[in-house]
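Have the model open and follow along.

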Amino acid sequence: EDWDKIFAVHVKGSFDVIQPAFRIMRQNNYGRIIVTTSNAGLYGNFGQANYSSAKTAVLGFASTLELEGAKYNIKANVIAPVAASRLTEDVMPPAVLEKLKPEFVSPMVAYLCSEECGVSGQIFTAGGGYFGRAAIVEGKGAVLPHASLEDIRDNFAKISDLSGAEEFANAFAEVSARLQPATAVS
């Protein structure tokens, strides 16, 4: 029941608000969409499987909005704010909450919504005066045709290595980059 409630608010709620706005933005050939995730959605959080999963789901939603909106000049980005709220008032001391006022996140959101902002499909973190970019990246990996469990074990360091990691614009770009070398080897 808690799982369904959290998904209804964060995933379906995002969809229900964005869908009609996206239609209008498409007609106007312009729009800015900001979807809200959290650090729990980016990195997980103990005891919050439902919330973390829902907040990760909106990342996929925003990625698709970015792709579908590109030809209509619609930019879609994600914000992962850390801010004081009703949910954090019992978890953090008042002195910390004072430094995490929601208005300390607002400048990033305002910029992402501005005409000046040309980026789309990115994730930004903000809170307490800190602003940064987060990303989903993939390492170079290893091409192992007809791999066995032993091949995976013996190459696990290379498979796990993130040096030279890349970001991909979409799922097709990732599959193309990774499967092309893998299928070229027989």
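**The whole chain**

Keep in mind that this is a predicted model. The protein chain has 8 helices and 4 strands. Reading from the N terminus, the order is α-β-α-α-β-α-α-β-β-α-α-α. The C-alpha trace spans about 55 × 45 × 35 Å along its principal axes. Of the 186 residues, 26% count as buried. If you take the contacts between residues at least 6 apart in sequence, 65% of them join residues at least 24 apart.

**H1 against H3**

Now zoom in on helix H1 (residues 2–28) and helix H3 (residues 49–69). How do you describe two packed helices? You use the angle between their axes and the distance between the axes. Here the axes come within 8 Å and cross at roughly 20°. Angles under 35 degrees count as roughly parallel, so H1 and H3 are roughly parallel to each other. The crossing of H1 past H3 is right-handed.

Who makes the contact? On the H1 side the residues include Trp3, Ile6, Phe7, Val11, Phe15, Ile18 and Phe22, and on the H3 side they include Tyr51, Ala54, Ala57, Val58, Phe61 and Leu65. Sorted by type, the contact residues come out as 14 nonpolar, 5 polar and 3 charged.

**The aromatic rings**

How many aromatic pairs does the structure hold? There are 2.

| Pair | Centre to centre | Angle between planes | Arrangement |
|---|---|---|---|
| Trp3 and Phe7 | 5.0 Å | 20° | stacked |
| Phe15 and Phe61 | 6.2 Å | 50° | tilted |

Trp3 and Phe7 both sit in helix H1, and because they are 4 residues apart there, about one helical turn separates them. Are they buried or exposed? Trp3 is partly exposed, with a relative accessible area of 41%. Phe7 also counts as partly exposed, at 21% relative accessibility; the cut-off for buried is under 20%.

Phe15 is partly exposed, with a relative accessible area of 37%. Phe15 and Phe61 also both belong to the contact between H1 and H3.

Key:
Residues numbered from 1 in each chain as written. Predicted model: local features only at pLDDT ≥ 70, side-chain atom pairs only at ≥ 80, totals over all residues. Heavy atoms only, no water. Axes fitted to C-alpha atoms, helices over the stretch in contact; angles between N-to-C directions. Helix = DSSP H or I, 4+ residues; strand = E, 2+ residues; numbered from the N terminus. Parallel < 35°, antiparallel > 145°, perpendicular 65-115°, else oblique. Left-handed = near helix turned anticlockwise from the far one by under 90°. Contact = heavy atoms within 4.5 Å. Nonpolar A, V, L, I, M, F, W, Y, C, P; charged D, E, K, R; others polar. Phe/Tyr/Trp six-rings, centres within 6.5 Å; stacked < 30°, edge-to-face > 60°. Buried < 20%, exposed > 50% of the residue type's maximum accessible area, 1.4 Å probe, protein only.
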